[in-house]
Each structure stands twice: as structure tokens, then as C-alpha cells.
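The paragraphs below go through the structure part by part. Terms are given their cut-offs where they come up.

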Amino acid sequence: MQGKIRVRCTMPPTTALLQAIITGIATGSMIALGAIGLSMVYSIAEVPNFAHGDLLTLGAYTALVVNKPGNVPFLELLTTGTQARTLTGTVVVFLITAVGVLGAVYALGGVDALGGSWWPTNPPAAVGAAVHIAAAAAVGLVVAWGAPSIVVGMIFSGAVVATLAPLQERYVFGKFRQKNVSLALMLVVSLAVAFVLRYGIQTVFGGTARSYAIQPTVDVFGASVNVAVVKFIDLYVMDGGLFLNVTDPVSDGVLFTGSWSWLVVVAILAVSAVVGYAGYRFRRGERAILGPYLLGTIAGLAAFVGLSAVLATGGSVPESSLYATRVRLSILRMFIIVLALGMMGVLHTLLRATKLGKAMRATSDNRELAQIRGIDTERVTMSVWVLAGLFAGIGGVTLGFLFGTLTITMGFFILLPMFAAVILGGITIYGALFGSYIVGLAMEVGIFAIPGLSATYRVPIAFVVLILVLLVKPEGITG
Amino acid sequence: MTDAPLLEVDDLRKRFGGITAVDGASFSLERGTITGLIGPNGAGKTTTFDLISGFYRPDGGTIRFEGRDIQKIMRPTAGEKGIWSSASASGFGLLGASAGRVLYGVSPAVLGGAAALGAGAGVGIYFGQAAVNNRRSGFKHSRPFRLARAGMVRTFQITRELEEMTVLENLLLAPQHQDGENLFNALFRRGTVADDEAAIREDAAEVIDLLDLDHLRDERAGNLSGGQRKLLELGRVLMLEPDLVLLDEPVAGVNPALTDRIMDAIASMRDEGYGFCIVEHDMEVIMNLSDRIVVMSEGKKLSEGSPTDIQQDEAVLEAYLGG
Amino acid sequence: MVVADTVVSLGVFASFYALLALGMNIKYGHTGLLDFGHVGFYLIGAYTAALFVLPPESGSPGTVYVVGLNLPWVVAAAAAMLVAGVVGALVALPTLRLREDYLAITVLGVSAIFQRVVQAESWLVNGPDALRGIEPPLTGRFPVGGRTVFGAIAIALIGGAIWAVATWALGQALEMDGSSGTGGTDAARADGSGGQESRATLAGRLHAVATLGTDRLLGDRGGSGRGNRALSAAVDRGRNGYVGSSLLAGVVAGVVGAIVTFIAPVGLLAWGTVVSVFTWLVLLVGLGRYAGGFDAIDYAVTLALGAGYMLALAPMFFLDSLVLWVPLTLLAFGVVIGVTLFLRANWSRFASRPFRYGTFVGLWFGVIWYFPLQVLSSLRAGDAMAAATTLFNNTVWVLSLSAPEPIIGYSRFQLFLFGAIVFLSVYLLGLVVDSPFGRVLRAIRNDERVVSSLGKDPFTYKIQSMAIGSALAGLAGALAALYYQTLVFTMFAPRVTFIALLMMFLGGVGNNRAMVVGAVLYWAFEAATTELAGFVPPDIRENLQALRFVIMGVLFLVLLYYRPEGLLGERSRTGVGSE
Amino acid sequence: MGILQVSDLVTGYGEAEIVHGVDLDIEREEMVAIIGPNGAGKSTLMRAVFGLIDCWGGSVVVAGVDVTDHRPDEITKVGASYVPQRNNVFPNLTVRENLEMGAYIDDEAPESAYEAVYERFPILEERRNQKVGRMSGGQRQMVAMGAGLMIDPDLLLVDEPSAGLAPDLVDEMFERIQRIKEGGTSILMVEQNARQALRYADRGYVLDQGENAFEGPGEELLESDEIAEMYLGQAG
């Protein structure tokens, strides 16, 4: 056959565009981790919080307490090595976590909140207190037990930052809001808070870069996999069908191999489409947590992945193929995508299914009407800060994990794309998610598409996109 | 064009979201007369004002001021087009040059060529978007300052005084074509500016005198009472010497003594040849002051005539009291 | 220690930061445009000036830049202003129509873009590496000893300028006395009785001497000890009274100084002493005027408090162990702050004029640091001669006496140069702000829609405001480039914008002169904390330096909350003769 | 004991005093209309009663509880509910969610509360999962009313229920309000459409320039010449 180009494929070339798109999705997820909290605070508490990036930094550094206590000032006295703690040290970590959890609850409405006043049902104060204390103790135990794992570090950071973030509202932004200051002054105030936070972290930790102590390899299906190093995902298109091969370049181990004949590919696609559409039909007209589009998409994707896995047949790397491509992706980036999706899922459920979430959306829509309807908008505002802190804590640790090093300015550099995403989304929570992926994709695809552009230009590209969009629609995409 | 009516509104339409605020209103008014615009709440009077004074873009219909379509008045001048297109050209030229640099290196020829290409693209983009705006989407300009320059000025329902500036400064701000408003003059032709300023100060002193604001001359406008603010707004209008004045509720919240003074000032200005269009809820004031009254209801003109006609018009009463 | 040098270099920093704050003030204070990307224009000014000044061939190995024009610094500074202004206008074109928060964030993004371009494009200005070799003007000609032609010219210029400014300031102080309202003066006269009178005459006499007779020549007779008639005449002439006679006096003093230093071996020393002492006297008169009705008790209390704050630092000097002095110092500080707050709450004198009191407490603190503290170590060593020399050196701040013979070092010249630029900028901006143009800007800050309804296009004014503000930032950048001589992209972090905002809010939003005060206060704090950091072990010095930013941030928040109009407040504009 | 007593209420915005001492008294299961020309301070009065702006003087008592200057959510808890004139729905929430927000102070609104609202406004059940922002003005008004009724209030304050409605819908709206009253809820409404409002109301208050001008049974006020004069003024 004349038209077919046979590619020798022991090592397929990287398709830069596809690679850029996938990296872009990972970057978008990374931005979304912070943008969720930023947009919540911006739209509901009406604070364009420049300190949000530094909350992420705070989260990243806080995890050191669990992960590498030997590097934390004062705590180093309670350690026996970089990672190992004395019993006192463990108790201290337990106490910090428990106090963090209780503090976050306290932020929702003082002592009453500890008694359960923020619950949808009004329990007796003793019951509420007992539940809260039990929960705090449980989280504390998990953290104390699981340290120095980085995942536990995320929980720890989440709890601590969720307690600290509302303090900004209580002691700074709330005070200024009472004075009815202009939005411009609020921006200046938040810039000052950012300054205090950033250099506060530097005061404690010093200016040198830090890093987590993490086991880069985990066991997956018996194989040892390095999560931080990129994996090669090779896809081959052949006469007879598709072949997928996932390898670990370090260990040279093969993580997954599968091949599908064209017939099977068509069947999988068809069945997935039918399942997706069925899911859509099933929910049509409903606006629940799982709306028609969401359910359809999830069902379709699940069917696709499940069928693909089940119907894959083994094989070996083909000698030649019509087309071959390689995408590099680390487990870590995959994890970030999954984490972002998970957090969005939690947020979505919260906003759609819980009374608090609905009150948040209502307050964001029309604060005064929310008050008229009997919503305690102050509590809603505080809960938004708690959530934003929680997400910032978790997001910060993830960032530190991904970047490899923790620096004082890491949060600020991610803040700019976050703001671009939030403004693109017209300062709504769902818009911010959308904006995050637009910005993430624009950054990565832009670097790829413009030859000669160095990677330093990622953030500028985000802003060029933002400015171009604002030129056309000054109120943002969804605004 | 002097025989054209001072203001002619024809089939004016404006929608906000799903709500039609103005739905085909037409009326006209003449020099040297006071026209009252009344109607129940939500009849679209203030929106009509905003449309006439150029703060909103109409969805349909035309407004002519002294025979000229206000859209034409608000169009950018040649000078503005020049500034915008050259700004666009230099911006894109810079972009082109940097792109050339990134793609092909530092040779001056490449840089120059890329810059020129970028500049050309910039000019093209500017005029292209203008053309698309005008032809395709029926773009309507909203640049109220051009209308004020042409001689039509408005006041606001909720007074908008410059709170941190004094009464005197509020007045001094108003006159058109002040030499000192040009940065170059302010720095290098200070003599001319000082003369100009002295003349304006004299005018302002007269206006202050006329409106009896003497004792408040150096008071921050933010400290004035509601009625005094209304007076101050009127004073700014006087400083401008326009042909047509649109007054949005000039006596709302003003005590009776001040109301009389405002009414006298309006009447005497009318006699000097100013045209007025007034929205006001105080019926006594509007009936006494107006030469003609236009009644709006649900975004349309319901009726038009002399104050006595309107008072006897059953349809008007119905509109107010409801069916 | 001779700390006059420290103070002079502090003044240099303060001068170009004052320009940065002035630019911000035009944008935000006068027009209401919140520009979080201000540093971007500072960057553009700095690099533009650098490229204009640098020679075509790279000055040092490993330095690459696109073009070196080797032009004089004046051209470079002008170009920096022009380029920064034009870029400011270009940035403003698309962003100005946005909401204020979008505007702030978008321009912050633009400044981040500028910074990244500098960092990434190594052909442009040496990329991530430092751009070195920027030659400040006339460095080779300094220090001057006086007995050369160039030295005489420099001395004539520097001395003349200082003399003129000091004379003018003295006149202003006299005027302030006259225009502070009849009521105030009467009251002051009533309780101050004879003392007040004689001081007024003393200051008047000093002014008469300082003008070197030129006031008679010009008929500038205000304040020359002739009582109320002359004073009111001075008030009538408005704020710019004394300008003529001050300038002329400056010229005369400069020429005389040049001649004296040129012919006599001790001329420079004598000239420096006279000029320095004159500036101290003017400062004293100014403070006396600012103090208003202060009596002995007030002076004593403020002195005690200032000394208290200084004493609170004492443990630091005498105890080597960090664990010992930190808590002690903090405790002592707590006590003095407690006393201050107690006085403020319970003592009507203090409560009625907290800022005046605060200023004096701070001043005494500074005075103690500047004079007695510096000779302490010499005295302890029993070296009275060294102590006297130090004291003399610090007093005669214009000269550098460390060399065998008195000289004028480059830093003095730089302060004079930068100071003159700041002075001129403030003066010109004053003209702009007081003109109808400035009136429109302030109207836009109040309510854009009114401006529009009065037939003025707010957009063109906002563009001009952005251009002027950015040009000033560019000028600040140019001076910074000349001062640092080395530029790295990290110098242009968003932190700089924050500092400019801080200085603006510290001084007073919308008040141009207050920008200088804000800049000086900021750098005083900076210098003081740097000195403190010298007392801690090097390994935690970095933490301490971060801590001072935290303190700065907290103080900024407190300031924004309790006194958003700044320490000096917005200059009142109630017009002339509002009494 | 009436459901609402307002005595000598003074309030305004910023420095402008708009309501200068108004008295109102509403009995249980009574429907009262406040009418008056534009700018008479009707809506301002309502907002002050519901705690959205500060009262400068006077007092507000709802169901025997003094709620002067209480927060709106606290006033809701005494059994009062308010339907503002504009912006009275959450546009990004669905109909059902809007209703749920209406019952926010209840732990969990019983399904019967929704049923009751759906019964009054059947169209809302049909569209319960639709975003309110996409609905017409009339339907929005129904959503707002429905949300106001979710807590089965003793007192319902309605601001201009007929504003922005097509003429044929106005009658329908008043009839619905009438039925709500018959269900045992006292109603205070502010209305521009004086004639219609007085036809349905038991009593009417006329406000003029922020003060009580007339008060009386609806029919009586309808006949009054002075009212027409107040609306249109007198040429003199």
C-alpha cells in the first residue's frame, strides 16, 4: 500500500500537542485546587483574597510538621531524627490536629457551633460536643498514627489551615467590611494580609527551600512504581486494531499492556455511548447532585474504562504500526487530576445536596434576600472560609509534592493563574473550575504551540488569555 | 437644522434581561419650554433619561438632538480614531517584533519587518472590529460626554455630587473647553490657564450667588443636605450653559422653601431659552412648572398635553390608580 | 560611629522610592486607579535607563544585552520616563474599562509578564543574570576636596541648593506660623507670653540673615522680624512666597561657598560647618513651629518616652546571649508602650495631640540614636577626642571627614541630585494637581459618571493619569538603576508595589508631599530594623528580616483600619482664605 | 393583640430621612394595603420593618415580640416573611431550592409544605427543577411568593406584587394573595396599583411624603376624591 507509512516503533515519538493537552489538564487541576477556594471566598465573602496563594504555601509548609518534623523550628526538639518523633512529639501533633478540627468547627459559630448548632438538625449540645470531640480525636489519631506519610500530611494541613483561614475573616476582612470599605481598599487589605502570611511563614521556616521526605516508589500490582517519574503511555494504531503499552522508564517495567481489535474498539465505543445516553435519559429533567449530563458522562466514561479493561487482550509491542504516539505522565500528575476531580465532587455534592451548600449559593446570588429568607449569612461566610482553608491546605501539600521543593513564593506564583481562572469564570464557583482548565490548557498548549517560547512564559500566557477574553467580554466568560 | 425640534424621540426601546423598560416611546420637545415627563413607578422614565443622555444604548428607535442622531454625535472623532488605531498599531507592532525576535532572531530587517507587519495588523484589527461592530451587530455608542459637549446635560435622581470636593470645585469642574484641563497647558501655559480660571471663578461666583450657596462655598459637597445637593447639581448645569437640560427629580427630598427657589431658577432659565425635560413625582411642582406634559406608562407614551388636559385625562388617572 | 553616611544613603533610597510612591499616588490617590502592577513600570524605567547608559560593548564578561547607547544619564532618565509612560498608556488602553478589582489583578499580571520577559530573554538584558556595569553620572569626579574648578562648581551647586531649600523651608515655617489662623496665634501668644514672641523674632532674624539680604532686594519682606504686618503680607502672596529670595540666596551662598573653598585651605571645612549648622537650625525652627504650644513639660515627657524606647533596646547592647536579651528587650518595650498608651488614655495633653506627641517621641528617639549613642563606645573607652570628632562629623553632615582632609563624597552628590529631582517632581505635580486637569482627576476618583455627564471623557484622563504615574515609576526605576549599578529581575517582585502602596497610605493618599514623608519613614524603619538584625546570630538573621516584613504588614493593616487617610492626611483643599 | 404594630417609625437612607413617624396596626387574619404616590416611602417602611435598614426611631412589634432593629433572620423566626419587590428570587437556584431556602429556618421542611405551595402555584411543580433565572417575571413572582409561604408565616409582607406583571396576571395575583389570607395568614402589602389593592384589602393606609395621610376600609378609600388629587396634584 502506497499511502500507508509504516513506522518503526520500538520507541514511538511524543506527540507534542496531545502531550500538551494532557499536561494542561494536570496543570488545570493544579490551578483548580486553589481556584475553588479563591472563587468561593471571592463570590460569597466578597473578598478578592490575594492571601489565598500564601494560604497554599502555608498548607505546604504545615505538612512538614508531620512529614519532616526534624526540620521544623521548635518541633525539632521533640524529634529523634528527620522523620521520627518522640512520644511527646506525637502527642503534640495529635493535639494540633484535634485543636485544628475543633477550631474549624468553632469558626462556624463559636461555642454553640461546637455543640452542633450548625448541623441541619439541632442536636442537644452534649451530643454535638461529643461527636465533634470524637471526630477531632479520630482525625488526630489518624494523623499521629499515619505520620510521616504525606497523605496524612494533607489531612493535617487541611485541618490546620481550615482553622487559620477563618481568622483572616474574623480579625481582618470582617472588620474592614463593617467599615464599608471600597473593593479597592479590600484588595489592598488582602495584599497586606498576603504579605504578613508569606513573611510569617518565612519567619518561622527561614528562607531556604524545603522538601518533603517521601518514598518515591509504591507497590502497584506487585510492581514497584516510582510515582514522581513520568511514565510512558504508548498508543499504537495498527491494521488490526489498537495497542496500548504503559511502561516505567526507570525500572523499565511494563505496567499495563492491552490490545483491542477494531471490532472490539467499535463495540466498546458504542456500548459506552449507549450507557452514557441511558444515564442522561434516566436523569433528564432532574437537577439533583447527579444531573443528567453529569450522570451521562460518568456512566459513559465508566463503561468505557471498564469495558476496555475487561476486553483487553495481551500482546507484545508491534514491530510496525500506522501511527504511534507516546504521552509522558507521572502517577503524581494523575493523582492530582484525580484529587482535583474528587474535591470538585465533594464541593459539587456540598453545593447541591446540603442545606449549607444551597445557602452558600443563595448567599452568593443575593446576600440580602438570603438574610430575608432567614439564612445566617455570617455563618455561611465563615463556613466558606473554613472550606477555602481546607482546600488550600490540601492543595498546598499537593503543590509542594509536585514541585519537589517548597519555597516562600510558590503560592504567589500559582495565585496569578488562579486569579486569571476565577475572573475568566466570572467569579462563580463553577465558572472558576471551567476557567482553571481553560487557563491550564492555554498555558501548556501555548508553550507548545509557540516555538521558541520558554517555559517561563506559562504565567504570562494565562494573563494574555485573560486580557484577550476581558477585551471581548469585560465581565468574564460565564458572567 | 435650527427648525428641527430640540429633542425628538422616536419609537425608543430598551430591554433589561427579560423586562421591557421602554417599549416604543415617542415624543419631542422644543427650545424655551419645560416638558414634564410623568408616569407611575416603573413606567420607564428614568430609563428614558438614561437613553437620551447616552448612558445606555437603546435596543431600538432613534433620538435626535437638534436634528442630529445622538448615535452620530457619540461616534468617535477622526482624532480619536487616530489615537486608537495608532495605539493598536504600536501594541501589535511590539507583539510582532517580539514574535519576530523569538522566531527568527535579532536581525534588524526581521525585527523591522515583523514590527511593520504587526502594526499593519493592529490598524486592520482596529478598523475591522469597528466595521464589524457597526455593520453586523448594529453597535450603538454609549459615550455620554459627547452629548454633554453637544449641549445636552442631565442631573441624577439620586444626586451625584463629588463628595470630597467643595461646592466651588464642583462648579468649577463643569464648564467646557477649559484650557487648564489640558495637561500641557496646565504645566506650560499657566498664564492662560490662570486667566481662564479667573473667568470661570467669576461665573461660579455668580451661580453661587444666584443659588444662595454663598455660605457653603468651601464646604465639602458630601456635607450638604439633600436639597442643597440638588441645588448644586443645578448649579453645575448652569455653569455648562447647555441647550437642553434633563432634570431627574429635581425637588425630591427638598424642603418647600428650597423647592420654590429651584422652581424659580428653572423658570427663569427657561425664559432665557433653555429647554427642559423634567421627571418629577411632586405633581404640584410639575403641573405648575411645565408647559407641556408627557405621560408614560409601561414604557410607552400614554398621553401628551397641557397640564390641565392631563389632569382631566381619565386614562392618566387610571394609569396611576390602576385598573 | 559616623552615622551621617547611613542617613545620607537612607535619603537616597527614600528619594527614588518617593518617586515611586508619587506615581502610585497620581494613579490611586488622585484618580482612583488601583495599579497593582506599578512595579512593572519601575522595571521598564530601570532597564531602559540601563540600556541608554551602558556602552555598546558589554561592560563585563558574561553580560549580554540588546543595545547599549552610551548616552548621558539625563537622556536615559528622560527616555525611561517616556518609555514607561507610553507603556503605561498602552497597558491602560485595554484594562481601564474593567472593574476596579479586575483592573488591579490584570495589571499585576502585566507586571508579572514584564518580569518574566526580562528573566527569560537572555539577549535582552542578560536574562536571569544580573545586568552590570551601569555607570552613575560623574562618579569619577568624586570625592571633591574643593580646591579644583570642578570641586568649586559642585560645591556651589550642592551648597546653593541646600541653602535655597533650607531658606525656603524656613520661610514656610514662618508662614505656617502666620497663616495658622488668628485664633491659634492669639492663643499661642496668650499662653506662651514673651517666649513665643522672642522665638518668632529669633526665627525671623535667622531668616533675615539666611536670605543674605536678597529679600530686601526683591521686596520679599515676609517674616523678617517685622511682626504681623509682614506676616500677613506673606500669607497674601500665597504658598509660593519666599521662592524668589530663597533661590537668590541660594545662588549667593553657592557662589560665596565656591569662592571660599577654592581659595582657603580650611574653606571647605568652614563652608560645610556653616551649611550643616544652618540646616540643623532650620530643622529646629520647623520643629518648634510644628510643636505649636508645647511647653517644657511636653518636651520633657516626649524626651523621656523617646529615651525610654531607646533604653528598652539597651539589653541588646550589653547582653550577648540571645535568650537573655530578647525577652528583656521585649519586656522593656512592652513597659514603655504600656506607659505611652496609658498617657494617651489618661492625659489630656497627649490625647488631644497624639500625632504631634508621637512625632516628637520618635524624633527624640532618632536624636538620641544620632548623637549621644554614637559616641557612647568612644566615651566608654575614655577617648574623649574620638567622641568629639564623631559628634562633629555627625553634625557637619554635608562633609565626609574620615579622609585626611574634608571631602564631599559621591553619596552627598547623589542625595543632592536625587533630592533635586524629587523636589522638582513634587513641585510640578503640585501644579498639575492644582490645575483644572487635576480637578478632573479628582472628580473621576469621586464619581466618573458625573465627569461624563459634564462633557469630559473620563477615559482620556485616566489614560493620562496612568501615563504620568507610570512615567514617574519609570523615573524612579532610572534612578534606582543608577544607584544600584546592577539590575536583576528579582528586584522587581510585586513586593515593590506593596511597598509603594504602603508608603502612599503611610504618608497620606492624595497628598504629594506626604509621599516623601512616607518614603522616609519606610526607609527609617528599614534601616533601624537592619541595624537591629546585626545583633542576632547570622543563622536566624534571615528569619528576623522576614519578621520585620510581618511587622510592617501588621502596622499597615492597623494604619488602614484606624487612619486610612495616612499620617499626614489628604491636603485640605478648601481653597485660599476659607477662614 | 394584633400581629403587627408599628409605632412612630422613623427611618431613611444615609442622611435622608424618608419615613417620618408612621403608625400601622394589623390584626390577625387581616389584609392591609399601603398605597401612596411614588416616593412616599412605602418600600422603605417595609424594609425597616423587616430589619433591612436601621430604624431611627419608633418600634416594630410582630406577634407580641419587639423586633425593632433585629436581623432579618431573627424576624423570620417570629413567623414573619417578606417578599421584596425586586430581586426576590435566587436566579441560580432551582424552583425547589428557592422554596427550600424559604424554609431555611426550619430544620427540614416537610414535603407537605412544598405540596401546599405547589397547590397554590401548580406551574411551580411542573418546573421545580428549572433554574429560576430562566423563568418569566410572573413565574418569578410566584416563586418568590411560594418561598415566602414555606414557613407558613403568620404575617406576610409583600412589596408590589403586581409590579411588572401583565394586566391579566395582576388579577390572578391578587386573588392568590386573597386566598393566602383566607388560609390564615395576615398580609401587609405595598401596592402601586391602588385601586386593585384597595378592592382586595380589608383596610388601607395611604402614605404621603413619609407620613400617614389617610386610613380606612379599602372601599371607602377607593371613593375618596382626595386620593385622586394626591396622586395627580392640583394645578394652581
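**Domains and interfaces**

Between domain 1 of chain B and domain 3 of chain B there is one residue pair in polar contact, with both residues at pLDDT 80 or more. A polar contact is a pair of N or O atoms within 3.5 Å; within protein, one must be able to donate a hydrogen and the other to accept it, and residues adjacent in sequence count only if both atoms are side-chain atoms. On the side of domain 1 of chain B that touches domain 3 of chain B, the classes are one nonpolar, no polar and three charged residues. Here Ala, Val, Leu, Ile, Met, Phe, Trp, Tyr, Cys and Pro count as nonpolar, Asp, Glu, Lys and Arg as charged, and the others, Gly among them, as polar.

This is a predicted model, in which local features need pLDDT of at least 70 and side-chain atom pairs count only at pLDDT 80 or more, while totals for chains, interfaces and linings use all residues. Residues are numbered from 1 along each chain as its sequence is written, chains are lettered from A and ligands numbered from 1 in the order in which they are written, and side-chain values use heavy atoms, with hydrogens and water left out.

Arg261(B) and Asp212(B) form a salt bridge through their side chains, at 4.0 Å from N to O. Chain B is assigned domain 1 (7-74 + 142-160 + 243-321), domain 2 (78-135) and domain 3 (162-223), with bounds from an automatic or database domain assignment. Four residues from domain 1 of chain B and four residues from domain 3 of chain B take part in the contact, where contact means heavy atoms within 4.5 Å. The two domains bury about 360 Å² between them, 47% of it from carbon and sulfur atoms; buried area is the accessible area (1.4 Å probe) that two parts lose on being put together, summed over both. Their C-alpha centres are 28 Å apart.

Next comes the interface of chain A and chain C. About 3,900 Å² is buried there, and carbon and sulfur atoms give 78% of this area. Val188(A), Phe195(A) and Tyr457(A) supply 15% of the area that chain A buries against chain C, more than any other three residues. In residues, 45 of chain A are in contact with 40 of chain C. Zero salt bridges are found across this interface, but six residue pairs are in polar contact, both residues at pLDDT 80 or more. H7(A) gives the largest share of the side of chain A that touches chain C, 17 residues. That side divides into 33 nonpolar, nine polar and three charged residues.

On the chain C side, Asp101(C) belongs to helix H4 (residues 100-120); helices (H or I, at least four residues) and strands (E, at least two) are DSSP runs, numbered from the N terminus. Asp101(C) counts as buried because its relative accessibility is 0%, and buried means under 20% relative accessible area, exposed over 50%, partly exposed in between (1.4 Å probe, protein chains only). Leaving out residues up to four places away in sequence, Asp101(C) touches Tyr42(A), Leu183(A), Leu187(A) and Ile427(A). The side chains of Asp101(C) and Arg99(C) are joined by a polar contact of 2.6 Å.

Chain C has 25 helices and zero strands.
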